[in-house]
Amino acid sequence: VTKLSNKLLLTIEWKNNYLVLIDQTKLPTKLTYVRCRSYKDVADAIRKLVVRGAPAIGVAAAFGLALAAINSKTNNLKIFSKELSNAYATIRSTRPTAVNLQWALDRIMQKIMNLKDIPHIKKVILREALLMAKEDIETNKSMGINGANLFSDGDTIMTHCNAGSLATVAYGTALGVIRAVKESGKKISVIATETRPVMQGSRLTAFELQHENIDVSLIPDTAVGHIMRSGIVKHVIVGADRILSTGHVFNKIGTYQLAVLAKTHNIPFYVVAPASTFDLKNKPKDIVIEERSKDEVIRIGKKIVAPPNIGVINPAFDMTPPKLITKIITEKGIVSPPYTKSIKKIMG
Ligand code: MRU
């Protein structure tokens, strides 16, 4: 890991006619990259968690549509549109919970809705995807600036999963705020939960913060309550995959537990997410929580740690109700309860 830490972490990068992604399934031991030359490669990368984290899968999905357009050989608009809708459907079907995926695909489709000239449409799609990648970094930096004032010198902050550079194009959402706190000259320490079963906390957050020289200690998920009771945790900060108009937050499985425990111990619980993570249409019961393979639970790496024929329940996300959330930090500002009112005001 020390040897890797000189390299710049750019999760998603467009290189003329293909997409380069950090292969997050190989971290923290290997910093390697995957090339996606078609929309199917992108869909595969999202499905296999080569690229993950709500904003990152949104931007990757946009480049997936760009690849579908660029690779098309037809000059018949009807066939071209059909090819794009197939790509849209394939990419859309990869993961159901993070709304950024749908948001990004829809933003591209809307942009080209009334266009008729295929070469021009190809240019517009790529331009929009590149713009989304650029905006993602700017948005993260704005959230960092907005959130940094909530923290003081010497604070210890707990985070869950990975809402950092690796979950975005760069800089991060929750970890972006942590970066901004550090950049403002305050000394802070981070406690990262390991985030079973896919270990985004230990494999990605611990790696990323160490890479940035931010003080970080890793804890087992099971130690959260004990450590909160000890009094060292001053704040909890997490990202989000989808936030409803009521302030219900869908995020990595275990977030709800952290929020309940934070409430019990009077620790402020903050969620950091861009406007693209807000879903103002749906209700909690409409949201599909992704169920992932039982393999993630019965194995740690290659080692089997449970009877292989055991029944497993493996939800990848959970829902935290608004009453447990102290503030939501966005690029447009910070919202506080009552969320139905404050979210409507800020998101329009
Ligand atoms: O399954 P993952 O790794 O894609 O889940 C990621 C999370 O739950 C993150 O906390 C969330 O996407 C916010 S990322 C800025």
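An oxygen atom of the ligand is 2.9 Å from a polar backbone atom of Gly53, and that's a handy way into this predicted model. The protein wraps up the ligand, covering 99% of the 420 Å² of accessible area that the ligand has on its own. As for where that happens, the ligand sits in the largest cavity.

**Around the ligand**

- Two elements, α2 (54-71) and β9 (249-252), each give two or more residues to the shell around the ligand.
- There are 17 residues around the ligand, and the ones that come nearest are Arg52, Arg95, Asp241, Asn251 and Lys252.
- Sorted by class, that shell splits into seven nonpolar, six polar and four charged residues.

**Side chains facing ligand oxygens**

- Asp241 has a side-chain N or O atom 2.8 Å from an oxygen atom of the ligand.
- With Gln200, a polar side-chain atom lies 2.9 Å from an oxygen atom of the ligand.

**The sheet that includes β9**

- β9 also belongs to an open sheet of four strands, which run in the order β11-β8-β9-β14 with mixed pairing.
- The edges are taken by β11 (278-279) and β14 (317-320); each has a single partner strand, so one side of each is left without a neighbour in the sheet.
- Between β9 and β14 the pairing is antiparallel, over four bridges.
- Lys252 turns up here again: its bridge partner in β14 is Phe317, while Lys252 is also among the residues that come nearest to the ligand.

How values were computed: Residues are numbered from 1 along each chain as its sequence is written. This is a predicted model: local features need pLDDT of at least 70, side-chain atom pairs count only at pLDDT 80 or more; totals for chains, interfaces and linings use all residues. Side-chain values use heavy atoms; hydrogens and water are left out. A residue is near a molecule or strand if one of its heavy atoms lies within 4 Å of it. A polar contact is a pair of N or O atoms within 3.5 Å; within protein, one must be able to donate a hydrogen and the other to accept it, and residues adjacent in sequence count only if both atoms are side-chain atoms. Accessible areas come from the Shrake-Rupley method with a 1.4 Å probe; for residues, only the protein chains shown count as cover. On a 1 Å grid over the protein atoms alone, a cavity is a set of points where a 1.4 Å probe fits but cannot get out, and a pocket is an open set with protein on both sides within 12 Å along at least five of seven lines; lining residues have an atom within 4 Å of a point. A molecule sits in a cavity or pocket if more than half of its atoms lie within 2 Å of its grid points. Ala, Val, Leu, Ile, Met, Phe, Trp, Tyr, Cys and Pro count as nonpolar, Asp, Glu, Lys and Arg as charged, and the others, Gly among them, as polar. Two strands pair if DSSP finds at least two bridges between them.
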